[in-house]
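Biologist: I would like to learn how to read a model like this one. Can we go through it feature by feature?

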Amino acid sequence: AFYPDGLAEVLCADWGRDVPGRYLRLPATDNTLGGCVTGLAPRGEGAIRPRSVGVLVDDGKVLTVGDGRAWALPGGAVEPDELVPEAAARELYEETGLVVEPQRLLFVNDNFFADPLWAPEGLHDLGFYWLCRVTGGEFDPGPRVERCGAVEVRIKPRWLPLDELLRLPLYPEWLASELERGAREGWPAGARHIVSGGALAR
């Protein structure tokens, strides 16, 4: 189940429609999901980082970004007072040049991990994965410099064949199988909750 009850379904059902009050904004002082939705994450051990990701599939390929050694989907942190689906559209434009419309929420990922460079105390990465469609813009294949904490990474967008994802270094590790299955069997009727990393992964 996705906490709080019904939030994923509300986002799925009403994104793209004018339904006043249906996008839930929890108090920014709340250090659980409220901090995640508004982008105001607590610091230190157990910090939660809200992240919104765009899933763009076309002609048997999925759009990714990476440094040539590892790949992920376009996405990034949710900014203060920014809606989660809006963040996915913004990040995808910044990283690829494409203007997109998030259509439905596919996955919610609670990812627990530590990184010696920028999250040594551990991090709870809360990812929202949105199926998107292109509405404008122009694909820009040029490299970009992204900052991950104190580390700068040079990345560029790349279309990867869906039938090759299981053999490629695509992260998070659960993503390749879910994308391949979704393209083959159809996307899940509701948002799928996935927990990965650390002792809580299942």
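Biologist: How many bridges join S3 to strand S4, and in which sense do they run?

Modeller: This is a predicted model. Two bridges join S3 to S4 (residues 71-72), and the strands run antiparallel. Val65 stands opposite Ala72 in S4.

Biologist: What happens in the hairpin of S3 and S4?

Modeller: Four residues lie between the strands, and Gly68 takes a positive phi near 95°.

Biologist: Which strands pair with S3 besides that one?

Modeller: Strand S2 (residues 57-58) is joined to S3 by two bridges, again antiparallel. Val57 stands opposite Val62 in S3. That hairpin has two residues between its strands, and Asp59 takes a positive phi near 50°. S3 also pairs with strand S9 (residues 151-161), antiparallel, over six bridges. There, Leu63 has Trp159 in S9 as its bridge partner.

Biologist: Is S3 enclosed or open?

Modeller: First the general idea about strands. In a regular strand, side chains alternate between the two faces of the sheet. Now the case here. Five of the six residues of S3 (residues 61-66) are buried, so the strand is largely enclosed by the rest of the structure.

Biologist: How should I read a nonpolar core?

Modeller: In soluble globular proteins, nonpolar side chains tend to be buried together. Here, the largest nonpolar core has 18 residues. Those with the most contacts inside it are Leu73, Tyr129, Leu165 and Leu179. Strands S1 (47-55), S6 (98-115) and S7 (119-137), and helix H4, each supply at least two residues of this core. H4 gives the most, with three residues.

Biologist: Which residues is Leu165 in contact with, leaving aside its neighbours within four places in sequence?

Modeller: Val62, Leu160, Leu170, Ala176 and Leu179. Apart from this core lies another, of 15 residues, among them Leu63, Val100, Val108 and Leu126.

Biologist: Now a helix. How do I check H3?

Modeller: Compare its span with the expected one. H3 (residues 84-96) has 13 residues and reaches 18 Å from its first C-alpha to its last, close to the 18 Å expected. Of those 13 residues, 10 are buried, so H3 is largely enclosed by the rest of the structure. Just after H3, Gly97 takes a positive phi of about 85°.

Biologist: Is Arg90 buried or exposed?

Modeller: Arg90, in helix H3, has a relative accessible area of 17%. The cut-off for buried is under 20%, so Arg90 counts as buried. Leaving aside its neighbours within four places in sequence, Arg90 is in contact with Ala77, Glu79 and Glu82.

Key. Residues numbered from 1 in each chain as written. Predicted model: local features only at pLDDT ≥ 70, side-chain atom pairs only at ≥ 80, totals over all residues. Heavy atoms only, no water. Expected span 1.5 Å × (residues − 1). Buried < 20%, exposed > 50% of the residue type's maximum accessible area, 1.4 Å probe, protein only. Contact = heavy atoms within 4.5 Å. Core = buried A, V, L, I, M, F, W, Y, C linked by side-chain atoms within 4.5 Å. Pairing = 2+ DSSP bridges.
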